[in-house]
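Biologist: I am new to this structure. Please take me through the terms used for it and show how each one is decided.

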Amino acid sequence: MSESPTPRRTAVVTGASSGIGAATARMLAAEGFSVFCAARRADRVEALADEIGGTAVVCDVTSEESVAALAELVGGRLDVLVNNAGGAFGSTPVAQADSDEWRRMYEVNVIGLMQVTRALLPALVASGAGMILNVGSTAGRTAYEGGAGYTAAKHGTQVVTETLRLELWDQPVRVCEIAPGMVKTDEFALVRFEGDREKAEAVYAGVAEPLTAEDVADAITWMVTRPPHVNIDELVIRPRAQAAQHKVHRVFE
């Protein structure tokens with residue numbers, strides 16, 4: 001009697017419509033994963049899923065109903081969850097902070113992460129060797145002027161990750177975080193500054209080689225593919241030009 005084929009490994013990547021999420025979905029698919037590409041923009045995730053042979057899921061991580069639909073589609077078994085959906089909105093000092101921007105950042109970076117994790121945890125446990133990988137930020141470790149709303153939210157991402165690792169210590173699920181520094185993607189800074197391209201480009205001005213989405217996705221893929229007994233608690237990744245959050249080597253002609 002022939003043995004049953006080993007089931008193909010599955011992964012969910014949230015925020016997969018662009019940037020780090022899209023790059024991660026591509027790399028995990030190249031490693032043999034069947035990837036659920038989850039994001040709000042249907043056209044983007046459908047095109048990505050077609051490209052990599054994955055499954056497109058229109059999902060807003062801040063909506064419990066939307067997340068429940070994602071969990072139903074995934075089913076009873078999941079190997080990897082990459083909680084990548086997040087974002088920064090605005091850069092005003094606390095004295096001029098916009099309450100709605102702060103709420104949006106907390107909703108997507110913390111509440112959304114929690115809701116997706118809660119919904120998919122049974123499937124991750126059922127796999128026998130699941131992994132939760134949360135995409136944090138160096139902003140979750142260091143404060144900087146104009147960034148209080150985002151740094152507070154990403155500190156939340158970090159603390160949720162640490163707490164999950166403690167709570168799941170006796171379960172077959174690894175809990176990891178990657179904390180990127182300066183990453184130049186098509187949309188992150190542009191969204192933060194509400195489409196103001198001049199402000200968005202100023203973030204990277206004079207930096208010869210900021211990280212790319214592919215750099216971060218490559219590191220995520222390495223973390224995900226370690227043996228099941230190996231847990232990379234946290235991996236901080238920066239471009240060489242960024243010695244610290246506030247200290248960046250810039251060269252202007």
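**Terms and values**

Modeller: The chain has eight helices and nine strands; helices (H or I, at least four residues) and strands (E, at least two) are DSSP runs, numbered from the N terminus.

Biologist: What makes the chain as compact as a globular protein of its length?

Modeller: The radius of gyration is taken over C-alpha atoms, and the globule rule is 2.2 Å times the number of residues to the power 0.38. For 253 residues the rule gives 18 Å, and the chain has a radius of gyration of 18 Å, so it is as compact as a globular protein of that length. Along its principal axes the C-alpha trace spans about 70 × 35 × 35 Å.

Biologist: What kind of model is this, and how are residues numbered?

Modeller: It is a predicted model, in which local features need pLDDT of at least 70 and side-chain atom pairs count only at pLDDT 80 or more, while totals for chains, interfaces and linings use all residues. Residues are numbered from 1 along each chain as its sequence is written, and side-chain values use heavy atoms, with hydrogens and water left out.

Biologist: Why is T24 called buried?

Modeller: Buried means under 20% relative accessible area, exposed over 50%, and partly exposed in between (1.4 Å probe, protein chains only). T24 has 1% relative accessibility, so it counts as buried. T24 is found in helix α1 (residues 19-30). Leaving out residues up to four places away in sequence, T24 touches V13, V82, A217 and I220, where contact means heavy atoms within 4.5 Å.

Biologist: What else is buried in α1, and what covers it?

Modeller: The buried residues of α1 include I20, G21, A22, L28 and A29. Their cover includes β1 (10-14), β2 (34-39), α2, β4 (80-83) and α8 (213-224). After α1 comes G32, whose phi is positive, near 100°.

Biologist: Why is A47 called partly exposed?

Modeller: The relative accessible area of A47 is 47%, so A47 is partly exposed. A47 is found in helix α2 (residues 42-52). The C-alpha atoms of A47 and K199 are separated by 29 Å, and the two residues are 152 apart along the chain.

Biologist: Why does C37 count as buried?

Modeller: C37 has 0% relative accessibility, and therefore counts as buried. C37 lies in strand β2. Its contacts beyond four places in sequence include V13, A25, V45, L48 and I52. C37 and A11, 26 residues apart in sequence, are 8.6 Å apart from C-alpha to C-alpha.

Biologist: And why does L113 count as buried?

Modeller: At 5% relative accessibility, L113 is therefore counted as buried. L113 lies in helix α4 (residues 99-126). Its neighbours within four places in sequence aside, it is in contact with N83, V108, N134, T157 and V160.

Biologist: How do you know that the span of helix α5 agrees with its number of residues?

Modeller: The expected span of a helix is 1.5 Å times one less than its number of residues. The 20 residues of α5 (residues 148-167) should span 28 Å, and the end C-alpha atoms are 28 Å apart, so the two agree. Among the buried residues of α5 are G149, Y150, T157 and L164. Helix α1, with twelve residues, reaches 17 Å from its first C-alpha to its last, close to the expected 16 Å.

Biologist: How much of the chain is buried?

Modeller: Buried residues make up 49% of the 253 residues.
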